[in-house]
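Let's walk through a protein structure together, one question at a time. Keep the picture beside you as you read.

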Amino acid sequence: MKLKYGQIFEVDKVEDLPQIENKNDKFFTCIGGDKSFQCFYESKKLSRADFLEKYNDKLDSCLEPIFEDKDILIRQDVQFAIPGFYVIATKQRARRILELDKELYAKCLYMASIIKKIFIKESIAQNIFIGHEEHFKKPASAHIWVLPIYGKEGINAFDGSLWNYMDKKNNFSINKPQILAVNQKMKDLISNEIKSNINI
């Protein structure tokens with residue numbers, strides 16, 4: 001099969017995708033569609049942030065941003081269908097957190113703290129991980145993520161249990177209604193929380 005940039009394949013497992021012949025291309029995999037994943041054929045030269053910007057109008061509704069301003073954008077994680085698993089991405093591209101403006105990094109942490117505060121206050125989740133991700137050797141943007149832990153599972157970021165939890169909870173067909181519900185709730189509550197605090 002000859003693949004073209006922009007082609008979208010919907011699959012339940014990424015193993016079901018057609019084989020890629022060009023080593024400079026890849027599938028950007030996102031939760032969404034009528035199956036588990038929407039997979040977009042594109043060049044490896046695109047960072048994930050650039051990909052999301054380019055294909056924003058083709059993404060599933062569960063990936064609509066819950067907050068956006070001139071500096072940052074917050075949306076559901078595109079690969080793990082865990083309700084409330086949010087990525088705080090900056091519009092300033094940086095491979096390393098230390099490359100971000102200090103004020104911008106502080107703003108990201110502030111938004112992460114707001115999300116965590118709402119999760120706890122609204123009893124969405126009581127245990128929340130806040131972390132960051134960096135990619136050094138490929139086109140990528142560093143970002144902050146906020147991951148709620150549902151239930152009473154003992155999760156440790158350093159012993160593999162965190163990734164086991166993420167894999168176990170990653171079920172789009174089951175979780176989509178809750179993802180949409182949490183997103184809508186968070187849109188309203190984040191807006192209200194910001195209005196009640198200092199301007200950012």
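Buried means under 20% relative accessible area, and exposed means over 50%, with partly exposed in between. Keep in mind that this is a predicted model.

Q: Is Cys-39 buried or exposed?
A: A residue counts as buried when its relative accessible area is under 20%. The value for Cys-39 is 0%, so Cys-39 is buried.

Q: How many disulfides are there?
A: A disulfide is a covalent bond between the sulfur atoms of two cysteines, and the cut-off used here is a pair of sulfur atoms within 2.5 Å. For Cys-39 the closest cysteine sulfur, in Cys-30, is 7.8 Å away, too far for a bond. Cys-62 is in no disulfide either, with the nearest cysteine sulfur, that of Cys-30, at 9.2 Å. By this rule the count is 0 disulfides.

Q: Is Cys-62 buried or exposed?
A: Buried residues have under 20% relative accessible area. Cys-62 has 0% relative accessibility, so Cys-62 counts as buried.

Q: Which residues does Ile-74 contact, leaving aside its neighbours within four places in sequence?
A: Ile-74 is one of the residues with the most contacts inside the largest core. With those neighbours left aside, its partners are Pro-65, Ile-66, Phe-67, Tyr-86, Val-87, Ile-88, Met-111 and Ile-115.

Q: How many residues are in the second, separate core?
A: This core includes Cys-39, Val-78, Ala-81 and Ile-179.

Q: Within what arc do the buried residues of helix 3 fall?
A: An α-helix has 3.6 residues a turn, so residues three or four places apart point the same way. In helix 3 the buried residues are Ser-161, Leu-162, Tyr-165 and Met-166. Seen down the helix axis, these buried residues line one face, because they fall within an arc of 140°.

Q: Which strands do the buried residues of helix 3 pack against?
A: Look at both sides of helix 3: Trp-163, Asn-164 and Lys-168 are exposed on the other side. The buried residues of helix 3 pack against strand 7 and strand 8.

Q: Is Lys-152 buried or exposed?
A: Find Lys-152 in the loop between strand 8 and helix 3. Over 50% relative accessible area means exposed. Lys-152 has 85% relative accessibility, so Lys-152 counts as exposed.

Q: How many residues apart in sequence are the parts that the pair of Tyr-5 and Tyr-41 ties together?
A: The ring centres of Tyr-5 and Tyr-41 are 5.7 Å apart and the planes are at 40°, so the pair is tilted. Tyr-5 is partly exposed at 46%, whereas Tyr-41 is buried at 5%. Tyr-5 lies in the segment before strand 1 (8–11) and Tyr-41 in strand 3 (residues 37–43), so the parts they tie together are apart in sequence by 36 residues.

Q: Which residues do ring pairs link into a cluster?
A: A search of the whole structure finds 11 aromatic pairs, and one of them joins Tyr-5 and Tyr-41. Ring pairs link into a cluster Tyr-5, Phe-9, Phe-27 and Tyr-41.

Q: Which residues does His-132 touch, not counting residues up to four places away in sequence?
A: His-132 is in strand 7, and at 42% relative accessibility His-132 counts as partly exposed. Apart from residues up to four places away in sequence, His-132 touches Ile-97, His-143, Ile-144 and Trp-145.

Q: What is the phi of Ser-123?
A: Ser-123 is in the loop between helix 2 and strand 7, and at 57% relative accessibility Ser-123 counts as exposed. Although Ser-123 is not a glycine, its phi is positive, at about 60°.

How values were computed: Residues numbered from 1 in each chain as written. Predicted model: local features only at pLDDT ≥ 70, side-chain atom pairs only at ≥ 80, totals over all residues. Heavy atoms only, no water. Buried < 20%, exposed > 50% of the residue type's maximum accessible area, 1.4 Å probe, protein only. Core = buried A, V, L, I, M, F, W, Y, C linked by side-chain atoms within 4.5 Å. Contact = heavy atoms within 4.5 Å. Helix = DSSP H or I, 4+ residues; strand = E, 2+ residues; numbered from the N terminus. Arc of directions from axis to C-beta. Phe/Tyr/Trp six-rings, centres within 6.5 Å; stacked < 30°, edge-to-face > 60°.
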